[in-house]
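Q: I have a structure on screen and want to learn to read it feature by feature. Can you take me through it?

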Amino acid sequence: MDIKVNVREAPGDCYVIDLSGEIDVYTSPKVKDAIGELIDRGVYFLVINLEKVRYIDSTGLGVLIGGLKRVREHGGSVNLVCTNPQIKKIFDITGLVKIFGIFESEDAAMKALV
Amino acid sequence: MNPAVEPSDKELVELRIPSRPEWVALARLAAATVANRLHFSIEEIEDVKLAVAEACTAVIQHDGHGEFIDLTCEALSDLLRIRVRDSGRHGLQRAEAPNMNFDEARIAGLGVFLIRTLMDEVSYDVSPQMGTDLLMVKRLTSPTDH
């Protein structure tokens, strides 16, 4: 079990974080570090791509919420790309669909950032 | 893979893992394997995995947890009964502990909320002497549909 994190620059002063694997109490610190490093560098507009995430639990949700809270302090935003119905279900039942912008494609998530 | 559990069967799987984050994946895999022996749907198996992981995580993330977590998965004809026990002196109730900041408490509470939402029955005892003892049940909604 592992999580792969890939960070890439995208047009319009924003970054995309591609996540692949499982986000749980063991792997979520790696995701938290990736988000935190970008925010520390002054990147406040993020797209986090969850298309290849097979599993997420409350610690993973906590990391995403923490990142969103930090960027919002700087007028930024975090949009998510999520197509896995099981992952979307977790955002639905926790009510986080009302807090995050959740999109079916990276293009849509990028366009909605600005 | 052997056929799913027949109505008259009862299967019991017990697993002891160290109370550390790197072992939670094994606990949820074990629970998913037992759930798969019944006729649960893929979505229901995912529910079970998440509930078990949240229970283990809740134990691990709080001070005073025991050295091990004991997971018991019991497959009956129409339900899966799961018990998560920890011999530490704190447990799920620490989700509302006063030394946690507001965000930490909310996220810890999210785990308990998920367990209650995804499983059909949930009960737990937390005592200074016995640690955490969480019992949860997932029922087969319509066995013939799966």
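Q: What share of the contacts in chain A with a separation of 6 or more comes from residues 24 or more positions apart?

A: This model is predicted, so read every value as computed from it. Among contacts in chain A with a separation of 6 or more, 68% join residues 24 or more positions apart.

Q: What radius of gyration does chain A have, and what would a compact globule of 114 residues have?

A: Compare the chain with the globule rule. For 114 residues, the rule gives a radius of gyration near 13 Å. Chain A has 13 Å, so the two agree. Along the principal axes, the C-alpha atoms of chain A fill a box of roughly 30 × 25 × 20 Å. Of the 114 residues in chain A, 40% are buried.

Q: How many helices and strands does chain A have, and in what pattern do they follow each other?

A: Count first, then read along the sequence. Chain A has four helices and five strands. Their pattern is β-β-α-β-α-β-α-β-α.

Q: Is strand β4 of chain A largely enclosed or largely open?

A: Count its buried residues. A residue is buried if 20 or more other C-beta atoms lie within 10 Å of its own. Strand β4 (residues 77-81) of chain A has four of its five residues buried, so the rest of the structure largely encloses it. A neighbour of β4(A) is strand β3 (residues 45-56) of chain A; the two run parallel and are joined by five bridges. Within this pairing, Val47(A) has Asn79(A) in β4(A) as its bridge partner.

Q: Now chain B. What is the strand order in its open sheet of five strands?

A: In chain B the order is β1-β2-β3-β5-β4, with antiparallel pairing. β1 (11-18) and β4 (121-127) of chain B are the edge strands, each pairing on one side only. From one strand to the next, the twist averages 10°.

Q: How many bridges pair β2 with β3 in chain B?

A: Seven bridges, in the antiparallel sense, between β2 (residues 68-75) and β3 (residues 79-86) of chain B. Opposite Ile69(B) stands Asp86(B) in β3(B).

Q: Which strands does helix α1 of chain B touch?

A: Helix α1 (residues 24-37) of chain B packs on the sheet and touches β1, β2 and β3 of chain B. The direction of α1(B) makes about 5° with that of β2(B). α1(B) has 14 residues and spans 20 Å from its first C-alpha to its last, close to the 20 Å expected.

Q: Which residues of α1(B) are buried?

A: Start with the helix repeat. An α-helix has 3.6 residues a turn, so residues three or four places apart point the same way. Here the buried set is Val24(B), Ala25(B), Ala27(B), Arg28(B), Ala31(B), Val34(B) and Ala35(B). Their cover includes β1, α2 (42-60), β2 and β3 of chain B.

Q: Why does Ala75(B) count as buried?

A: Because 23 other C-beta atoms lie within 10 Å of Ala75(B). Ala75(B) is in strand β2 of chain B.

Q: How many residues of chain A are in contact with chain B?

A: Count each side separately. 13 residues of chain A are in contact with 17 residues of chain B. On the chain A side, α2 (58-72) and α3 (85-93) each supply at least two residues. α2(A) gives the largest share, five residues. By class, this side of chain A has six nonpolar, five polar and two charged residues.

Note on methods. Residues numbered from 1 in each chain as written. Chains lettered and ligands numbered in written order. Predicted model: local features only at pLDDT ≥ 70, side-chain atom pairs only at ≥ 80, totals over all residues. Contact = placed C-beta atoms within 7 Å. Nonpolar A, V, L, I, M, F, W, Y, C, P; charged D, E, K, R; others polar. Pairing = 2+ DSSP bridges. Axes fitted to C-alpha atoms, helices over the stretch in contact; angles between N-to-C directions. Rg over C-alpha atoms; globule rule 2.2 N^0.38 Å. Buried ≥ 20, exposed ≤ 12 C-beta atoms within 10 Å, placed from the backbone. Expected span 1.5 Å × (residues − 1).
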